[in-house]
Amino acid sequence: MKIGDKLSGVITGIKPYGAFVSLENGTTGLIHISEIKTGYIDNIYNTLKVNQEVLVQVMDYDEFTQKASLSLRTLEEEKHKIPHRHRFSNSRYKIGFKPLAEAMPVWVEEGMAFLKAEKED
């Protein structure tokens, strides 16, 4: 079992802080209440039920105790990814700072003329 693995399991017990899951590979794990779903959970007993089959993602795994920290929320968030919207940009024109570089000599000339006129007054 590795971090990031997606495994099926059955909820074997529910406590106010999370749900215990028996995984398909024989290990047990805990889904902390913060990893059940995005947002606030008022009552965990209304969200999950004992003997409910769930697909979970491994967040952490302790090889010594053979227990896993699991998440339902990460799988939920994968489904709700916002598609990338294309925004107009002129990056394909490859002009970068070229307009500024072309305008700079004119601006310097205008500035020097202004300062020269100020000095004469």
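This is a predicted model: local features need pLDDT of at least 70, side-chain atom pairs count only at pLDDT 80 or more; totals for chains, interfaces and linings use all residues.
Leaving aside neighbours within four places in sequence, glycine 9 is in contact with Val21, Ser22, Leu23, Gln52, Glu53 and Val54, where contact means heavy atoms within 4.5 Å. Glycine 9 belongs to strand S1 (residues 6-15), and at 8% relative accessibility it counts as buried; buried means under 20% relative accessible area, exposed means over 50%, and partly exposed lies in between, with a 1.4 Å probe and protein chains only.

Residues are numbered from 1 along each chain as its sequence is written, and side-chain values use heavy atoms, with hydrogens and water left out.

**Overall fold**

The secondary structure of the protein chain comes to three helices and five strands, where helices (H or I, at least four residues) and strands (E, at least two) are DSSP runs numbered from the N terminus. Read from the N terminus on, the elements follow the order β-β-β-α-β-β-α-α. The five strands form a closed barrel that runs S1-S2-S3-S5-S4 with mixed pairing. From one strand to the next the twist averages 50°, with axes taken as lines fitted to C-alpha atoms, for helices over the stretch in contact, and angles running from 0 to 180 degrees between N-to-C directions.

Of the 121 residues of the protein chain, 23% count as buried. Among contacts between residues at least 6 apart in sequence, 55% join residues at least 24 apart. The accessible surface of the chain comes to about 9,500 Å², of which 56% belongs to carbon and sulfur atoms; accessible areas come from the Shrake-Rupley method with a 1.4 Å probe, and for residues only the protein chains shown count as cover.

**Strand pairing and the two hairpins**

S1 and strand S2 (residues 18-23) run antiparallel and are joined by six bridges, given that two strands pair if DSSP finds at least two bridges between them. These strands form a hairpin with two residues between them. Across this pairing, valine 10 stands opposite serine 22 in S2, and isoleucine 14 has alanine 19 in S2 as its bridge partner.

S2 also pairs with strand S3 (residues 28-32), in the antiparallel sense and over five bridges, and phenylalanine 20 stands opposite leucine 30 in S3. The hairpin of S2 and S3 has four residues between the strands, and glycine 26 in the turn has a positive phi of about 95°. In a regular strand the side chains alternate between the two faces of the sheet.

Asparagine 25 has its place in the loop between S2 and S3. Its side chain is joined to that of threonine 27 by a polar contact of 2.8 Å, a polar contact being a pair of N or O atoms within 3.5 Å, of which, within protein, one must be able to donate a hydrogen and the other to accept it, while residues adjacent in sequence count only if both atoms are side-chain atoms. Not counting residues up to four places away in sequence, asparagine 25 touches Met1 and Leu7. Asparagine 25 and serine 8 are 17 residues apart in sequence and 8.8 Å apart in space, C-alpha to C-alpha.

The structure holds one aromatic pair. Tyrosine 17 and phenylalanine 20 form this pair, which is edge-to-face, with 6.2 Å centre to centre and 90° between the planes. Rings of Phe, Tyr and Trp (its six-membered ring) pair if their centres lie within 6.5 Å, and planes under 30 degrees apart count as stacked, over 60 as edge-to-face and the rest as tilted.

Glutamine 57 lies in strand S4 (residues 53-62), and a polar contact of 2.7 Å joins its side chain to that of threonine 74. Not counting residues up to four places away in sequence, glutamine 57 touches a set of residues that includes Gly4, Asp5 and Lys6 as well as Ser69, Leu70, Thr74 and Glu78.

| Residue | Relative accessible area | Class |
|---|---|---|
| Tyrosine 17 | 41% | partly exposed |
| Phenylalanine 20 | 31% | partly exposed |
| Asparagine 25 | 40% | partly exposed |
| Glutamine 57 | 13% | buried |
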